[in-house]
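Thank you all for making the time this morning. I would like to take you through one structure, going from the overall outline to a few individual side chains.

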Amino acid sequence: MVNAPFPPDLIELQADWQRTYAALAVPRPASPAALRRRLQVLSARLLWHPYFSHPGRVPAARVELRRQARVLDGRQ
């Protein structure tokens, strides 16, 4: 699935999830409980985003979404 037409808010949401996950993965994060709560909220928002409510949204779309979010953050 190359160049999937993701809405910008969905890409930014995925990038925020990845940044939060990375912050939680470091040894001794500053506020692990707050980061875990934020990760749960972001996960729910990703799961229930209207983009994925349409038929035909395959798991490959989620992989492409993560890739595009990494590109947005400048990590590839």
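I will begin with the chain as a whole, then take the helices, the core and the aromatic rings.

Please keep in mind throughout that this is a predicted model. The protein chain contains three helices and zero strands, so that, reading from the N terminus on, its elements run α-α-α. Taken along the principal axes, the C-alpha atoms fill a box of roughly 40 × 25 × 20 Å. Of the 76 residues in the chain, 30% are buried, and the chain exposes about 5200 Å², of which carbon and sulfur atoms supply 61%. If we take the contacts with a separation of 6 or more, residues 24 or more positions apart account for 67% of them.

Let me turn to the helices, starting with α1. This helix has 18 residues and reaches 26 Å from its first C-alpha to its last, close to the 26 Å expected at 1.5 Å a residue. Its buried residues are Leu10, Ile11, Leu13, Gln14, Ala15, Asp16, Gln18 and Thr20, and what covers them includes α2 and α3.

Which residues of α3 are buried? They are Ala61, Glu64, Leu65, Gln68 and Ala69, and, seen down the axis of α3, they fall within an arc of 145 degrees, so they line one face of the helix. These buried residues pack against α1 and α2. As for its length, the 15 residues of α3 should span 21 Å at 1.5 Å a residue, and the end C-alpha atoms are 22 Å apart, which agrees. After α3 comes glycine 74, whose phi is positive, near 85 degrees.

Now to the core. The largest nonpolar core has 10 residues, namely Phe6, Leu10, Ile11, Leu13, Leu42, Leu46, Tyr51, Phe52, Ala61 and Leu65. The elements that give two or more residues to this core are α1, α2 and α3, and the largest share, three residues, comes from α1.

Leaving aside neighbours within four places in sequence, isoleucine 11 is in contact with Phe6, Leu65, Gln68, Ala69 and Leu72. Glutamine 14, which also has its place in helix α1, has a relative accessibility of 6% and therefore counts as buried, the limit being under 20%. With neighbours within four places again left aside, glutamine 14 is in contact with Leu46, Leu65, Arg66 and Ala69.

Finally, the aromatic rings, of which the structure holds three pairs. Tryptophan 17 and tyrosine 21 form a stacked pair, with 5.2 Å from centre to centre and 10 degrees between the planes. Both lie in helix α1, four residues apart, about one turn of the helix.

Another pair, tyrosine 51 and phenylalanine 52, is edge-to-face, with 5.1 Å from centre to centre and 90 degrees between the planes. Here tyrosine 51 counts as buried at 9% relative accessibility, and phenylalanine 52 counts as buried at 14%. Ring pairs link Phe6, Tyr51 and Phe52 into a cluster, and each of these residues is also listed in the largest nonpolar core.

How values were computed
Residues numbered from 1 in each chain as written. Predicted model: local features only at pLDDT ≥ 70, side-chain atom pairs only at ≥ 80, totals over all residues. Heavy atoms only, no water. Core = buried A, V, L, I, M, F, W, Y, C linked by side-chain atoms within 4.5 Å. Buried < 20%, exposed > 50% of the residue type's maximum accessible area, 1.4 Å probe, protein only. Contact = heavy atoms within 4.5 Å. Expected span 1.5 Å × (residues − 1). Arc of directions from axis to C-beta. Areas by Shrake-Rupley, 256 points an atom, 1.4 Å probe, with all protein chains shown as cover. Phe/Tyr/Trp six-rings, centres within 6.5 Å; stacked < 30°, edge-to-face > 60°.
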